[in-house]
Amino acid sequence: MKMTVNRIRVVVLGSARSGKSAVVVRYLTKRYIGEYSSTGDFLYQHRATFDGVSSEVEVLDTCGCAKRGCLAEHLRWGDAFAVVYSVCDRRSFLAASELLALLERTRLPGCTAVTLLGNKRDLEHARVVKTEEGQELSLRYGCQFYEVSAAESSAGAALAFQALLREARSIAMLLPTPRRKLAAYSVSKVIGTILGLSNKSVRKKRPSLSI
Ligand SMILES: Nc1nc2c(ncn2[C@@H]2O[C@H](COP(=O)(O)OP(=O)(O)OP(=O)(O)O)[C@@H](O)[C@H]2O)c(=O)[nH]1
């Protein structure tokens, strides 16, 4: 009997301005929009079909200025994590390293899908974090690694999320875990309820795509 995983929860973490929202929106809509509000977390919901199986995917785009308490809750809530840094910002890379360490400490080993995303690879002239450093960090924590440019194309973000979802689904099929609700106070806007409330047109959409 073929087992299906009906819901996959992805949390996108990383420093402020690393490009989390840009990467998420690129993945969901294939569009790039230069500026996003940083005032809170955004929860997106869409249906992704891959390997012939359809799953409801929830993507939580966290605010880089998230408080520690929120972070702990996000870590409990997610099935999969995308940790974003900017290749032009060493502090964001150090923050990504700390987040990976935190994930390792707080999640069961081998039970969590994690990807490290070095964003803004189009800004080669401003690069301060080498590709090899990202690779080394991902090897240290046994996670996936991609360098992407949300500004330049949707291909990198799509590839990275597809691989992350595939891993999350594989883990969930082996180790079904009880679902936890995300406390309402930590999500400022929920897709489906944000219609008309967001000042960003892209966030008024309910994306749906097959990958
Ligand atoms: N050149 C370039 N700029 C990018 C890229 N991705 C994001 N940016 C820019 O980087 C800035 C921050 O992007 P956001 O997506 O808002 O970053 P964030 O991590 O969500 O920021 P917070 O909401 O503050 O946590 C914006 O000015 C984006 O236009 C990229 O791939 N290349």
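Predicted model: local features only at pLDDT ≥ 70, side-chain atom pairs only at ≥ 80, totals over all residues.
Q: Which residue stands opposite Leu 117 of β5 in strand β4?
A: Strand β4 (residues 80-86) and β5 also pair in the parallel sense, over seven bridges. Opposite Leu 117 in this pairing stands Val 84.

Q: Which helix forms a β-α-β unit with β4 and β5, and of what hand is the unit?
A: β4 and β5 are parallel partners. The helix of their unit covers residues 90-106, and the unit is right-handed. The helix is α3.

Q: How many residues of β5 are buried?
A: Ala 113, Thr 115, Leu 117 and Asn 119 point one way from the strand, and these are buried. Val 114, Leu 116 and Gly 118 point the other way and are buried as well. The count for β5 is therefore seven of seven, where buried means 20 or more other C-beta atoms within 10 Å.

Q: How many of the 10 residues of α1 are buried?
A: The buried residues of α1 include Lys 20 and Arg 26, along with Val 23, Val 24 and Val 25. Their cover includes β1 (7-14), β2, β3, β4, β5 and α5 (155-174). Helix α1 is largely enclosed by the rest of the structure because its buried residues number nine.

Q: Is Asp 51 buried or exposed?
A: Asp 51 sits in the loop between β2 and β3 (53-61). Asp 51 is not a glycine, yet has a positive phi of about 55°. Within 10 Å there are 12 other C-beta atoms, and the limit for this class is 12 or fewer, so Asp 51 is exposed.

Q: Which element gives the most residues to the largest nonpolar core?
A: This core has 49 residues, and those touching the most other members are Val 10, Val 12, Val 23, Val 83, Leu 117 and Leu 164. Elements giving two or more residues to the core are β1, α1, β2, β3, β4, α3, β5 and α5. The largest share is eight residues, from α5.

Q: Which leucines does Val 10 touch, not counting residues up to four places away in sequence?
A: Among the residues that Val 10 touches are Val 57, Glu 58 and Val 59, as well as Gly 78, Ala 80 and Ala 82.

Q: What percentage of the chain's contacts with a separation of 6 or more comes from residues 24 or more positions apart?
A: The chain has five helices and seven strands. Buried residues make up 40% of its 211 residues. For the contacts, the share is 76%.

Technical notes
Residues numbered from 1 in each chain as written. Helix = DSSP H or I, 4+ residues; strand = E, 2+ residues; numbered from the N terminus. Pairing = 2+ DSSP bridges. Right-handed = clockwise from strand over helix to strand, strands pointing away. Contact = placed C-beta atoms within 7 Å. Core = buried A, V, L, I, M, F, W, Y, C linked by C-beta atoms within 7 Å.
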